[in-house]
Each structure stands twice: as C-alpha cells, then as structure tokens.
Amino acid sequence: ELLGSRGDVPDLIAACDAFALLSEAEALPMSILEAMALGRPVVTSDVGGAGEAVVDGETGIVVPPGDTDAAAAALGKLAGDPTAAQAMGERGRKRQRERFDGEAMVGGYWRALAEVARR
C-alpha cells in the first residue's frame, strides 16, 4: 500500500516490529538509520551503504539484492524470535548513535579533513 506523503513516519516505524528496505540500488539510506534510531531490526539488501549500516546478524539481516526468498526468510526469522529481534533493534540503536548521528558524522568529517591537512 502506498501511503503518499506522511508527516508521521517515526510513528509508523515505531509501530512496526521490524523494518525492511529491499532496494536494488541505494547510497546510504536514511530510512535505515531512522529505523535503527527507533530500535527496530532492519532487513535490507546488500547495496550501497546499507550493508555498512546494518551488521548482518547483529543489528538486522542483510540479504542479496533481488533475493525475495532470502528477504522472506529473514522477516520470518525476526517474526519467529521477537526477543532476538528486539535485541538486534537495541544493538542497531546503539550503532546508529555511535556511528551515524549528527555529532558522529561531523566528527568523522573533521578527522578526515585533519588527515588530509596533515598530509
């Protein structure tokens, strides 16, 4: 179901037990980082930075692009073990805060610029 433009996306994500983004091409999807920030385990295809953001088996499940069987199995695995899914979501929240929140990203840029200037 296509919901159109929404102003309540955090509420929609929070209402879910898991978040799936099964694109065939991405850069670093903000929607994955938003789901992680809300403590949801993520099922994503291994494209762009999605596989860097989501640690397979730790903060969610990464599947090959276009592999609908693997995606269905991953969602079934999370649904079948809500305790493990919740633990993945909490680890995802921690990873998002440590590596992908605004301060962490600005700090990374500063370190990269300092390294370039040092050279």
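Student: Which residues are linked in a network of salt bridges here?
Tutor: E115, R118 and R119. Before we dig in, this is a predicted model, in which local features need pLDDT of at least 70 and side-chain atom pairs count only at pLDDT 80 or more, while totals for chains, interfaces and linings use all residues. Residues are numbered from 1 along each chain as its sequence is written, and side-chain values use heavy atoms, with hydrogens and water left out.

Student: What makes R118 and E115 a salt bridge?
Tutor: The term asks for a side-chain nitrogen of Lys or Arg within 4 Å of a carboxyl oxygen of Asp or Glu. For R118 and E115, the closest N and O atoms are 2.5 Å apart, so the pair counts. R119 and E115 also pass, with N to O at 3.0 Å. The general idea is that side chains of opposite charge can pair when their charged atoms come close.

Student: Where do R118 and E115 lie?
Tutor: Both are in helix 6, 3 residues apart, which is about one turn of the helix. An α-helix has 3.6 residues a turn, so residues three or four places apart point the same way.

Student: How many salt bridges does the structure hold?
Tutor: There are 5. One of them joins E90 and R93 at 2.9 Å, N to O, and these two sit in helix 5, again 3 residues apart.

Student: What makes S45 buried?
Tutor: Its relative accessibility is 2%, so S45 counts as buried. S45 is found in strand 2. Leaving aside neighbours within four places in sequence, S45 is in contact (heavy atoms within 4.5 Å) with L21, L22, S23, A50, V62, V63, P64 and P65. Its side chain also reaches the backbone oxygen of S23 at 2.4 Å.

Student: How many helices and strands does the protein have?
Tutor: It has 6 helices and 3 strands, in the pattern α-β-α-β-α-β-α-α-α along the sequence. Both kinds are DSSP runs numbered from the N terminus: helices are H or I with at least four residues, strands are E with at least two.

Student: How do you know that strand 2 and strand 3 pair?
Tutor: Pairing takes at least two bridges found by DSSP between two strands. Strand 2 (residues 42-45) and strand 3 are joined by 4 bridges, so they pair, and they run parallel. Within this pair, S45 stands opposite V63 of strand 3.

Student: What is the order of the strands in the sheet?
Tutor: The sheet is open, with the 3 strands in the order 1-2-3 and parallel pairing.

Student: Why is one side of strand 1 and of strand 3 left without a neighbour in the sheet?
Tutor: Strand 1 (19-21) and strand 3 (60-63) stand at the edges and each has a single partner strand, so one side of each has no neighbour there.

Student: Which helix packs on the sheet?
Tutor: Helix 4 (residues 68-80), which touches strand 1, strand 2 and strand 3. Its direction makes about 170° with that of strand 3. Angles like this run from 0 to 180 degrees between N-to-C directions, with axes fitted as lines to C-alpha atoms, for helices over the stretch in contact.

Student: What are the buried residues of helix 2?
Tutor: In helix 2 (residues 30-37) they are I32, L33, A35 and M36.

Student: How do you know that they are on the same side of helix 2?
Tutor: They cover an arc of only 160° around the axis, which puts them on the same side of helix 2. The arc is that of the directions from the helix axis to the C-beta atoms. What covers these residues includes helix 1 (9-14), strand 1, strand 2, helix 3 (50-53) and helix 5 (82-100).

Student: How much of the protein is buried?
Tutor: Buried residues make up 32% of the 119 residues.

Definitions and conventions:
Buried means under 20% relative accessible area, exposed over 50%, partly exposed in between (1.4 Å probe, protein chains only). A polar contact is a pair of N or O atoms within 3.5 Å; within protein, one must be able to donate a hydrogen and the other to accept it, and residues adjacent in sequence count only if both atoms are side-chain atoms.
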